[in-house]
Structures are given as C-alpha cells and as structure tokens.
Amino acid sequence: MRQTPVKLGPLALLLTVITICLAILSVLVLTTARADLRLAEKYARTVERRYALERDGQAALGRLDAALSAGETPTEFEPDGNGAWRLLLEEDGARLSIAVKADGGAWRVTEWRHDREWDANLEIEGLWPGF
Amino acid sequence: MGKKQHITAFYVEALLLIAVFIGIILTLTRVYGAGRLQSAGAERLTTAVTLAGNAAEALAGAGSEEELLALLDENDNAAAEAGAVCATYGGDLLPAAGGAYTVRVTWEPEALGAGELVKSRITVSHAGLAAPLYTLETAVYRKGAGA
C-alpha cells in the first residue's frame, strides 16, 4: 500500500487565515474598549464641570443673599430690566444661567439653567464631510 | 534526499509552525486582556460618575446632614461619619450594604450672608482599588440656615 505524504502547506494556510481573523478581532476589541474609556472620561469631565458651575452658582446666590439682606446692591448679578437679577457663569463652553427675582430682602430663583455653546459648523475629526 | 531526512525536515517545519502560532495566540491574548481591562475601567468610571451625580442631587435636596443620611440610606447601606455620610452600592447602582462602590459625601457648612453655604466633596471608591475612582466638588446654599 502506498502512503500519501502529509504536507504542511494547507495547514499553514489555514493557521494564517485563523491568525488574521483573530488579529482583526483583537484590534476591534481594543479600539472599542479604548473608545468606551475615552467616552467615560469625557462624561466624567462634563459632570465635573457641571457641578463646578453649580458650586459657583450656589456661592453667588449666597453673596446675593448677603447683599440683599444688608440692603446693598448685588455686584455680581445684573438687572435685566424686568425686575430680575441675572448672572451667567461659564466654564469650558458649559454655561449656567441664573435669574433671581428680588423684592426687598426676599428673593426667589426664577431660572437655573445649564446649557452649552452650540457650534453648528463643528467638524468632527475623521468623519467624512460629505459633498 | 533520504526518507529519514525528509521526515526530520517535516517535524522541524511542523514545530516551527506550532511555535509561531502559539506566539501569535499569546500576543493576541494579551491584546484581548488589555481590551477587557480598559472596558472594565470604563464601566467602573461610568458607574462612579453616576453615583457621584446622584449623591450631589441628594445633597442639593437635603436640609441637614441627617436629612442627607436619610436620603441616601436604603437597606442599611449608609452610615454617618464625622462631617460626612458614607453609602455603599452594588455594581448595578442599587443601594447594597457591603457593596463594591463606596460613596463618601462630606458636609462642610460655612456661614455666608443670611444663610450657609454647604460645601461638599463627593468621593467614589471601589473595593478592589486603592485610589478613589472619581471625585466631585459641589455646594448648596441654604437660605436662612445657620443664621
């Protein structure tokens, strides 16, 4: 009986294909995980900025209260002409708009809004701009 | 080439192929491991940020340190410390006594005008890590308090 010789060529080819598939999958896993981490870090920075503005706004309210209680004019806030005092705080594009209605020594917050600057022409890096 | 030499060449070639394949598999395993670690880090950070945000909102709604403790306490997961409240949570963000995530909210009142400004540092840490995962600083002004 004649023996058929075993050749490594087809096996090597199969292993090469498997290796290429695994390498592509591993690169995808790593890039996705990195993107997740970057997004989580961005979210963390956004929340940090938001509460930094919140802290500054609350401190400004305290100073406004102190000024109004002493019968003085608040220096940080500006009158908007409708009987309210307004203050705009900004940090890295994030904004906090505060409006306070004062009547003598008493006051109440009528607006406390977080938003951020919107740039409609913002180009996203690596994204096809289209025609 | 003799039959013996042919068989030796075959074995050497097969061994080389297996060695190279094992080397590649080991390298790829490290890449998968790095991806898994980064993914777990992202999950922990997102959880920590959410827990810190929730604690900051509880602080904004609390009138006193006792009220803050009452707001955070659920299933005996919170306890008062000196000038702070500590609460533990599970990975699913739900209050759990002995959970993996610990949220520490400090309560630092400061007289300001006719009220007080309560400054707070919110620190979220994980049981398996020495360094805190996330720190948030916020404040709330309480009109008429402490006057």
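Buried residues account for 32% of the 147 residues in chain B; a residue is called buried if 20 or more other C-beta atoms lie within 10 Å of its own, exposed if 12 or fewer, and partly exposed in between, with C-beta atoms placed from the backbone. In chain A, buried residues make up 15% of the 131 residues.

This is a predicted model, in which local features need pLDDT of at least 70 and side-chain atom pairs count only at pLDDT 80 or more, while totals for chains, interfaces and linings use all residues. Residues are numbered from 1 along each chain as its sequence is written, and chains are lettered from A and ligands numbered from 1 in the order in which they are written.

The model scores ipTM 0.84 and pTM 0.84. Chain B has an average pLDDT of 92, and 98% of its residues score at least 70; pLDDT is the predictor's confidence in each residue, from 0 to 100. For chain A the average is 87, with 91% of the residues at a score of at least 70.

Chain B contains 2 helices and 6 strands, where helices (H or I, at least four residues) and strands (E, at least two) are DSSP runs numbered from the N terminus. Their order from the N terminus on is α-α-β-β-β-β-β-β. Confidence in chain B is lowest in strand S4 (residues 108-112), with a mean of 91, and highest in strand S3 (residues 101-106), at 97.

Chain A has 1 helix and 4 strands, running α-β-β-β-β from the N terminus on.

Next come the overall dimensions. A compact globule of 147 residues would have a radius of gyration near 15 Å, but chain B has 27 Å; the radius is taken over C-alpha atoms, and the globule rule is 2.2 Å times the number of residues to the power 0.38. The C-alpha trace of chain B spans about 105 × 30 × 20 Å along its principal axes.

Helix H1 (residues 9-69) of chain A and helix H1 (residues 3-61) of chain B have axes that come within 8 Å and cross at roughly 20 degrees; axes are lines fitted to C-alpha atoms, for helices over the stretch in contact, and angles run from 0 to 180 degrees between N-to-C directions. H1(A) is therefore roughly parallel to H1(B), because angles under 35 degrees count as roughly parallel, over 145 as roughly antiparallel, 65 to 115 as roughly perpendicular and the rest as oblique. By class, this contact of H1(A) with H1(B) has 24 nonpolar, 8 polar and 3 charged residues; Ala, Val, Leu, Ile, Met, Phe, Trp, Tyr, Cys and Pro count as nonpolar, Asp, Glu, Lys and Arg as charged, and the others, Gly among them, as polar.

Within chain B, H1(B) and helix H2 (residues 65-72) pack at an angle of about 135 degrees, with their axes 9 Å apart. That angle makes H1(B) oblique to H2(B).

Finally, Trp128(A) lies in the segment after strand S4 (106-116) of chain A. Trp128(A) is exposed because 6 other C-beta atoms lie within 10 Å.
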